[in-house]
Amino acid sequence: MTDLFSKFDPLIEQRAALLSTGVTDPFSLVMEKVLSPTVAICNGRETILLGTYNYMGMTFDEDVIAAGKQAYDDFGAGTTGSRVLNGTFDPHKDVEAALREFYDMDHAMVFSTGYQANLGIISTIAGKGDYIILDIDSHASIYDGCKMGDAEIVPFRHNDIEALEKRLKRLPAEAGKLVVLEGVYSMMGDVAPLKEMVRISKENGAMVLVDEAHSMGFIGQHGRGVAEEQGCIDDVDFIIGTFSKSVGTVGGFCVSNHPKFEILRLVCRPYVFTAALPPSVMASSAASVRKLMHGSNKRAHLWENSKTLHKGLRDLGFQLGTDEPQSAIIAVIMPDLERGAMMWEALLKEGLYVNLARPPATPAGMTLLRCSLCAEHTSDQVQDILGRFERAGKAVSII
């Protein structure tokens, strides 16, 4: 009998070899207690958090927590049903109203996760006979949405405007086309040239979906993301986002001005056949989204944190994923997985948590340490972080 796990043998062997060196498993960290958006107890030690995607620090916001507690009392622990059956409670409608207000769009649809938002929207609107044109560095949820929908997948080189245009011009003019882009790419923290890409897509008869998971709340005058920052949000057909980043809770969503959008509630399988999120989570999310509308001071501080950390790491001699800070994500490139794991562990011993990212999640087969800054990191904390990076980097001869 064929062992269906045989396909994972190379990864099993790689993991075993890594752990045999005595390094701590970087993919099974446990936070024993979370003290704030920027500090937790990990392995019995107070640790600065620099890898949580909690960009705006909303997880401990008093209003966000209070809204969730009240909804827990009013509606109970869960929904036990799909949104199209018994799973729509008043907080679900309220958070969709908050999203419509936040983005100034006509429609908003909430999913149980950001992954399901991409899976559901992409697989539903682009099917057999249609074409999906996507950046080769797109998130796994985007690729999985493409596979589920049976559309023809046409990848193009990362952030390459000319490559996108060439792909579009080769496709049948009468075919349905969806261009899928991301505002900020989560591994390297780089920003897409959305303005030009959206223009080219529209000129070639394609609809456009932009995943703003890593830019919502932070980038743009109102925190609506890269599409807002670059002045092309009105030309984007669908924006995908998540609550598990800047909003500080869990869930995913899609907003749109398309006049037929609401039919998706009846035909989108990851929406129809999934239990709705607990009303307490939705109430917290609605409170957070409404506060993010007025988060300009937090956004400004987060930008300062990003600039300071990027310059400091570069000055220390670390190789970074971008020449300049483009988002709240700063990628520190490692020589290989083993040295990356050693650096990750050295930082953890210094009381600093970051993400160790490896292939196939990373582009070009590289290993990197991904730093995700928070608006609640103080200026002193950022300087402290730089000191810990310097000590760890010298200890494992990365710098």
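Let's start with a piece you can trace by eye: strand β5, helix α5 (residues 140-149) and strand β6 together make a right-handed β-α-β unit. Keep in mind as you look around that this is a predicted model. The two strands of the unit, β5 (residues 131-135) and β6 (residues 152-156), run parallel, and five bridges join them. To see how they line up, pick out Ile 132: its bridge partner in β6 is Ile 153.

Now stay with helix α5 for a moment, because it leads us to the largest pocket: α5 gives five residues to the lining there, the largest share. How much space lies in this largest pocket? The answer is about 850 Å³. The lining is made up of 39 residues, and the closest to the pocket's centre are His 139, Ala 140, Ser 141, Ser 186 and Met 187. Besides α5, the elements that give two or more residues to this lining are α4 (114-125), β9 (238-242) and β13 (355-357).

Next, let's head over to Arg 265, which you'll find in helix α9 (residues 264-267). Is Arg 265 buried or exposed? Its relative accessibility is 12%, and buried means under 20%, so Arg 265 counts as buried. What does its side chain reach? It gets to the backbone oxygen of Ala 108, at 2.7 Å. There's also a polar contact of 3.2 Å between the side chains of Arg 265 and Glu 96. If you leave aside the neighbours within four places in sequence, Arg 265 is in contact with Glu 96 and Ala 108, and also with Arg 83, Val 84, Met 109, Tyr 271 and Val 272.

A search of the whole structure finds one cavity of 30 Å³ or more, and the largest cavity has a volume of about 80 Å³. Which elements give two or more residues to the lining of the largest cavity? They are β4 (107-111) and α10 (269-272).

Notes. Residues are numbered from 1 along each chain as its sequence is written. This is a predicted model: local features need pLDDT of at least 70, side-chain atom pairs count only at pLDDT 80 or more; totals for chains, interfaces and linings use all residues. Side-chain values use heavy atoms; hydrogens and water are left out. Two strands pair if DSSP finds at least two bridges between them. Helices (H or I, at least four residues) and strands (E, at least two) are DSSP runs, numbered from the N terminus. A crossover is right-handed if, with the strands pointing away from the viewer, the path from the first strand over the helix to the second runs clockwise. Buried means under 20% relative accessible area, exposed over 50%, partly exposed in between (1.4 Å probe, protein chains only). A polar contact is a pair of N or O atoms within 3.5 Å; within protein, one must be able to donate a hydrogen and the other to accept it, and residues adjacent in sequence count only if both atoms are side-chain atoms. Contact means heavy atoms within 4.5 Å. On a 1 Å grid over the protein atoms alone, a cavity is a set of points where a 1.4 Å probe fits but cannot get out, and a pocket is an open set with protein on both sides within 12 Å along at least five of seven lines; lining residues have an atom within 4 Å of a point. Grid points are joined across faces, edges and corners, and a volume is the space filled by probe spheres set on the points.
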